[in-house]
Amino acid sequence: MKKKTRRSQVDSIKEECCALCRFSDDDPALFGEKVTLKEHKLSVHYFCLLTSCGVYQRGEENEGVFGFLVDDIKQEIRRSARLMCFVCKKKGACVGCNVRSCRKMFHFPCGRKRMSVSQFTGLFPSYCRDHSPVQTLCGGLDLSLPQSCSICLDSMDPVLSFSVLKCPSCHASWFHRDCVQHQAHSAGLFFFRCTLCNNKENFQEEMLRMGIYIPERDASWELEANAFSELLEVYNRCDALSCLCEKGRAHSAKSGWFEVIRCRLCGSTGTHRRCSELQVDTRDWACSECTQATDGRGPHPSPGFTDEITFPSSPRGGDLARQNFLKLLVQQIQNCVVFEGPDGAKTLALNSQAVREDLYFDVGCLLALSLVHGGPPVGFFSPALYQCLFNHPAHQPVTVGHMTPDTPLSRRVVQIAEAESLEELREVMAASCDFLEVAGCNRPISSLEERDALVEDLVNFTVITRMQLPLQRFREGLQTLGVFDQVQLFPAVFFEVFCEASDHLTAQTFGRLFTIAFSEQEEKLNRETAVVAFWRHFLLECEVGRSSVSLQDLLRFSTGVQEVPAVGLRPAPSISFLHSPGLQEEDRMDEGLFPQSHLESRRLLLPVSSSYRNFKSSVEQAVSHQVHLLLPSES
């Protein structure tokens, strides 16, 4: 009869010995919850029941111990009393190796000490050390393998064993067995996944195979009553240096001088209006710490990745300097030692000095900062590098085409892949025996059909296995300000940001940047519709060079930036219209009207002109005037 895992809570737990294993250990993550039935004077570990050979769940969940009937448990105790544990040499062994030819019996805790594996799925089989499932890794021990547990972060030897496991999907997440078991016990079935790649299905399947118990319940933090109740509490205390309220700092009136208002930035500091010498109707206030941290400017809307990010610059005029700096930064990064390959299709290079100085993390961090703070698109990643970082396209194997062209390793792999006969293949392999030995692929080849499998192993070693540490540190750098997490959520959308060079600015792409706000009055609406046609025609002339200003000049005039950032413009640019007040005659309606730009709100005011000639003239004069003003400061 098939056993079932339990979902209910334990009624009572005591420090008594388990009737099956004779141990008093009480660690629910490692031995299961220990249940005591007072009326029967019986205590058992849940895992001992699940893995024992002679007892099955024949009752309902609320009968006996999670469906294990008391009579059945006592019968199993009597059966195992005759069997000796091969570890401690004491009787009462109720767990046996699932391999028929193996006759080893052991207590569940003794089996763990001797590296036995019990699988908590199906018929709940157990295996001794000699027959337990193992994990494998293509190639030998490599310096790029992770050197720390991805859960507890303690150092460990990157050698797969009973106590060291790895994720089957990303191969970069390695962890201690006890660490991942405690994580599974805490996260439960619905939240248990790889800590690095976030894979759930393959990860859980592999962990079950390797003997990790995953409870069929919600996460422990979701089951705790009122676990997040403090998040619903509103800070309501005056933190001024000198509180003037007679009723104390904790008093807050519904309105007036002694109503506590909170810092608009952190929300965790408050003050009475009177105590901070504010106006009686003041609602917008920032504490001194937040004011200093933001350089007195307060928060900006996010450029796309986080909710509150500030950048220490002067008002809008500093945006051009910042953009120039970030553009030069990305260009320098593209040509640094951590990348190799042709322009526009760079991959990570394995550089020992860069590993020692942790340059992979630094470069990832700088690229993330550049994207968040309005820098240009990265644009130089190869599709292979993007796939290794973000698993997009998903589950697509790497091929020879993913390797960096014209490198010693790629040329050797190409020679092996292009061998047309068995003799030629063996000759190429003999010439590359050192490389094959390091990659763990120096094996005898008996037919040409084995060539493709050899090439696949070599490509995996070159692109993934030997690059695990650089890739891991690069990902951790990209996690700055949440960039990596956002890209993982929408990998197809961000592909063009990382892998495609930014397109040349065109009239069409320029026009799409702006939303148009028309007037409601019909007379004004008719004039504004004509101005929109003038505007679009003017953009086309700027693109083909029939205007004295360029699209870049127009972009700088209307938005304050030199090129469109990778994350777009925030706030989104808009177009409104500038009507001449009190001038109704068509030949005078253009007098004194020039376009205006409000850079803080990125709002462009276009003059309502009677003809395209007047419209073009006014726009060119305004844009040229600003360009001439900026030229001395830029030089």
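Modeller: Let me begin with a term that we shall need: a residue is called buried when its relative accessible area is under 20%, exposed when that area is over 50%, and partly exposed in between. Please keep in mind throughout that this is a predicted model.

Colleague: OK, so is Phe381 buried or exposed?

Modeller: Phe381 has a relative accessible area of 0%, which is under 20%, so Phe381 is buried.

Colleague: And which residues touch the most other members of the largest nonpolar core?

Modeller: That core has 53 residues, and those touching the most other members are Phe339, Phe381, Leu458, Phe474 and Phe498. Apart from this core lies another one, of 34 residues, which includes Leu42, Val95, Met105 and Tyr213. As a general background, nonpolar side chains tend to be buried together in soluble globular proteins.

Colleague: What does Phe474 touch?

Modeller: If we leave out residues up to four places away in sequence, Phe474 touches Phe339, Leu348, Tyr360, Val363, Gly364, Leu367, Phe381 and Leu389.

Colleague: Lots of rings there. How many aromatic pairs are found in the whole structure?

Modeller: A search of the whole structure gives 31 aromatic pairs. One of them joins Phe192 and Phe203, whose ring centres are 5.0 Å apart and whose planes stand at 55 degrees, a tilted arrangement. Phe192 is in the loop between α5 and α6, while Phe203 is in helix α6, so this pair ties together parts that are eleven residues apart in sequence. Phe192 counts as buried at 0% relative accessibility, and Phe203 is buried as well, with a relative accessible area of 1%.

Colleague: Why is the pair of Phe339 and Phe381 called tilted?

Modeller: The planes of the two rings are at 40 degrees, with the centres 6.1 Å apart, so the pair is tilted. This pair links distant parts of the chain, since Phe339 belongs to strand β11 and Phe381 to the loop between α11 and α12, 42 residues apart. Phe339 counts as buried, at 6% relative accessibility. Both rings also belong to one aromatic cluster, together with Phe380, Tyr386, Phe390, Phe474, Phe484, Phe495 and Phe498.

Colleague: What lines the largest cavity?

Modeller: Its lining is made of 17 residues, and those nearest the centre are Thr347, Leu348, Thr404, Thr462 and Val463. By type, the lining divides into nine nonpolar, six polar and two charged residues. At least two lining residues come from each of β12, α12, α13 and α16, and α12 gives the most, with three.

Technical notes:
Residues are numbered from 1 along each chain as its sequence is written. This is a predicted model: local features need pLDDT of at least 70, side-chain atom pairs count only at pLDDT 80 or more; totals for chains, interfaces and linings use all residues. Side-chain values use heavy atoms; hydrogens and water are left out. A nonpolar core is a set of buried Ala, Val, Leu, Ile, Met, Phe, Trp, Tyr and Cys residues joined through side-chain atoms within 4.5 Å. Buried means under 20% relative accessible area, exposed over 50%, partly exposed in between (1.4 Å probe, protein chains only). Contact means heavy atoms within 4.5 Å. On a 1 Å grid over the protein atoms alone, a cavity is a set of points where a 1.4 Å probe fits but cannot get out, and a pocket is an open set with protein on both sides within 12 Å along at least five of seven lines; lining residues have an atom within 4 Å of a point. Helices (H or I, at least four residues) and strands (E, at least two) are DSSP runs, numbered from the N terminus. Ala, Val, Leu, Ile, Met, Phe, Trp, Tyr, Cys and Pro count as nonpolar, Asp, Glu, Lys and Arg as charged, and the others, Gly among them, as polar. Rings of Phe, Tyr and Trp (its six-membered ring) pair if their centres lie within 6.5 Å; planes under 30 degrees apart count as stacked, over 60 as edge-to-face and the rest as tilted.
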